[in-house]
Amino acid sequence: MNAGYGLTVRWSLTDAPEGVAAELREYVVGTSMANFMFLDGLAFKTWRMREGQWFEGTYVFGEAKDRDEFCEDFTAKAEDSPGSRIVGSPPIEIEPFEVVAIAEGPAQFRRGPGPGSA
């Protein structure tokens, strides 16, 4: 048993157009969430953002093979990905990582849009 195999994809927002944060929220909640709910091998994905600084997708896969195949495929088309088109530049980081452990607290995992998407 293992906690999983992670991947981070991060875009810089420092030179992104005005309003990009709202556009990213709309894209994630309206389109991207549904796409990733059916990605084979994916345990979960989170989208994180610090407005004006960075936007990031964090993926956790059950098997290294699934993570590595997704990473290779995404890296090949990263410059033309929806995130890159919205932000106006390609990711500044695509980094596989080890998931050391996952703890689920009493509030449990949640699904759905974040507070900025309301």
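Modeller: Because the model is predicted, local features need pLDDT of at least 70 and side-chain atom pairs count only at pLDDT 80 or more, whereas totals for chains, interfaces and linings use all residues. Residues are numbered from 1 along each chain as its sequence is written, and side-chain values use heavy atoms, with hydrogens and water left out.

Colleague: Why is β3 called largely enclosed by the rest of the structure?

Modeller: A strand here is a DSSP run of E with at least two residues, a helix a run of H or I with at least four, both numbered from the N terminus. Buried means under 20% relative accessible area, exposed over 50%, and partly exposed in between, with a 1.4 Å probe and protein chains only. Since 8 of the 8 residues of β3 are buried, the strand is largely enclosed. Trp54, Glu56, Thr58 and Val60 are buried on one side, and Phe55, Gly57, Tyr59 and Phe61 are buried on the other.

Colleague: What makes β1 and β3 a pair?

Modeller: Two strands pair if DSSP finds at least two bridges between them. β1 and β3 have 8 bridges in the antiparallel sense, so they meet that definition. Thr8 has Thr58 as its bridge partner in β3. β2 and β3 also run antiparallel and are joined by 8 bridges, with Leu42 opposite Phe61 in β3. The hairpin of β2 and β3 has 3 residues between the strands, and in this hairpin Gly52 takes a positive phi near 80 degrees.

Colleague: Which residues touch the most other members of the largest nonpolar core, and what makes a set of residues a nonpolar core?

Modeller: A nonpolar core is a set of buried Ala, Val, Leu, Ile, Met, Phe, Trp, Tyr and Cys residues joined through side-chain atoms within 4.5 Å. The largest one has 20 residues, of which Leu13, Val20, Leu24, Tyr59, Phe70 and Val87 touch the most other members. At least two residues each come from β1 (5–12), α1 (20–36), β3 (54–61), α2 (64–77) and α3 (82–87), and α1 supplies the largest share, 5 residues. With contact meaning heavy atoms within 4.5 Å, Leu24 touches Leu13, Met49, Phe55, Ile86 and Val87, not counting residues up to four places away in sequence.

Colleague: What makes a space a pocket rather than a cavity, and what is the volume of the largest pocket?

Modeller: On a 1 Å grid over the protein atoms alone, a cavity is a set of points where a 1.4 Å probe fits but cannot get out, whereas a pocket is an open set with protein on both sides within 12 Å along at least five of seven lines, and lining residues have an atom within 4 Å of a point. Grid points are joined across faces, edges and corners, and a volume is the space filled by probe spheres set on the points. The largest pocket has a volume of about 790 Å³. Of its 25 lining residues, Met33, Lys45, Thr46, Trp47 and Gly112 are the closest to the centre, and β2 gives the most to the lining, with 8 residues.

Colleague: Is Lys77 buried, exposed or partly exposed, and how do you know?

Modeller: Lys77 has a relative accessible area of 46%, so it is called partly exposed, and its place is in helix α2.
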